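Biologist: I'd like to learn how to read a protein model. Could you walk me through one, feature by feature?

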Amino acid sequence: MRKLWFGKWKWLKRILIVGVGVGILGLVMVLGLNWYMKTSVRDSLYSLEDSGEVGKVDCILILGARAYSDGTPSLVLKDRLDRGIELYKKGISDRILMSGDHGREEYDEVRAMKQYAVEAGVPAENIFMDHAGFSTYESMYRARDVFEVKSLVIVTQPYHSYRALYDARGLGLNAYGIPSKETTYQGSWILECREKLARVKDFVWMIIKPEPTYLGESIPITGTAAATDDEGEGWDQTEEKRE
């Protein structure tokens, strides 16, 4: 009996050692890829004060985040919008591309984003809406292939800017990042942990480069923003769905 117990303990010990080893290897891989992604795009990050060094770009891309049912942007989204509007008023570009989640009729990030910017003084005709920006990667892919963007300034939180820039640069876009202000959000540590894992996912995505959920006909950023207005004859996801 004692011999049998000892044998089981040896196997458990081996499994534990292997498990710890795999865990350490996984942690090293996650941290290593995070370090690589951040260092590879750091020279493309600018502060608001240094934004003049960027020059003119095709558009200011503001990435979506949670909006409440009454159309009010969450604090995370508000910070992004405020920085994007500041850049618009500084003349970085005369076009803003709002990219967010409008995958359900009852949830519309981009409409809330556009309304906030219009109320801040940005002309509606200069605001393009990407209703199918379901992820950072998809927002960059669609900016390139649907909106025919070649150069852009990306606006999001500092911790998110590295991944957004990595995706944009990997897809051939001439991209710069000017992050929103530093803010401590509720559950910030969860956002940071989630972002570390998301960087690993997007590292893989940039190797295989899958098509986004939706594509469709081109809506050049140099054209009219009315083509993206879902209240008229604009965006219809049933027409854009990938075969």
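Biologist: Let's start on the surface. Which residues form a nonpolar patch there?

Modeller: A patch is made of residues with over 30% relative accessible area and no salt bridge, where like charges are joined within 9 Å and nonpolar side chains (Val, Leu, Ile, Met, Phe, Trp, Tyr) within 5 Å. A salt bridge means a side-chain nitrogen of Lys or Arg within 4 Å of a carboxyl oxygen of Asp or Glu. Accessible areas come from the Shrake-Rupley method with a 1.4 Å probe, and for residues only the protein chains shown count as cover. Here, Val204, Trp205, Ile207 and Ile208 make up such a patch, with about 380 Å² of accessible area together.

Biologist: Is Ile207 buried or exposed?

Modeller: The cut-offs are these: buried is under 20% relative accessible area, exposed is over 50%, and partly exposed is in between (1.4 Å probe, protein chains only). Ile207 has a relative accessible area of 59%, so it counts as exposed. You'll find Ile207 in helix α6, residues 188-208.

Biologist: Before we go on, what kind of model is this?

Modeller: This is a predicted model, in which local features need pLDDT of at least 70 and side-chain atom pairs count only at pLDDT 80 or more, while totals for chains, interfaces and linings use all residues. Residues are numbered from 1 along each chain as its sequence is written, and side-chain values use heavy atoms, leaving out hydrogens and water.

Biologist: Okay, now the overall layout. How many helices and strands are there?

Modeller: Helices (H or I, at least four residues) and strands (E, at least two) are DSSP runs, numbered from the N terminus. This chain has 7 helices and 5 strands. Along the sequence, the pattern goes α-β-α-β-α-β-α-β-α-β-α-α. Buried residues account for 45% of the 243 residues. The chain exposes about 13,400 Å², with carbon and sulfur atoms supplying 57% of that.

Biologist: What share of the contacts links residues 24 or more positions apart?

Modeller: Contact means heavy atoms within 4.5 Å. Among contacts with a separation of 6 or more, residues 24 or more positions apart account for 77%.

Biologist: Let's look inside. Which residues touch the most other members of the largest nonpolar core?

Modeller: The general idea is that in soluble globular proteins, nonpolar side chains tend to be buried together. A nonpolar core is a set of buried Ala, Val, Leu, Ile, Met, Phe, Trp, Tyr and Cys residues joined through side-chain atoms within 4.5 Å. The largest one here has 30 residues, and Ile60, Ile62, Leu87, Met98 and Val153 touch the most other members. The elements giving two or more residues to this core are β1 (59-63), α2 (75-90), β2 (96-99), α3 (109-119), β3 (127-130) and β4 (151-155). Helix α2 gives the most, with 6 residues. Apart from this core lies another, of 29 residues, including Phe128, Ile154, Tyr162 and Ala164.

Biologist: What does Val153 touch?

Modeller: Leaving out residues up to four places away in sequence, Val153 touches Val54, Val57, Cys59, Ile60, Leu61, Leu87, Ile92, Tyr176 and Ile178.

Biologist: How do I read a helix, say α5? Why is α5 called largely enclosed?

Modeller: Check the span, then the burial. The expected span of a helix is 1.5 Å times one less than its number of residues. Helix α5 (residues 158-170) has 13 residues and reaches 19 Å from its first C-alpha to its last, close to the expected 18 Å. Of those 13 residues, 11 are buried, so α5 is largely enclosed by the rest of the structure. One of the α5 residues is Ser161, which counts as buried because its relative accessibility is 2%. Ser161 touches Leu45, Thr156 and Pro179, not counting residues up to four places away in sequence.

Biologist: And how does α6 look? Which of its residues are buried?

Modeller: Helix α6 has 21 residues and reaches 30 Å from its first C-alpha to its last, close to the 30 Å expected. Its buried residues are Glu195, Ala198, Arg199, Val200, Asp202 and Met206.

Biologist: What is the phi of Lys209?

Modeller: Phi of Lys209 is near 45°, a positive value in a residue other than glycine. Lys209 sits in the loop between α6 and α7 (237-240). With a relative accessible area of 36%, Lys209 is partly exposed.
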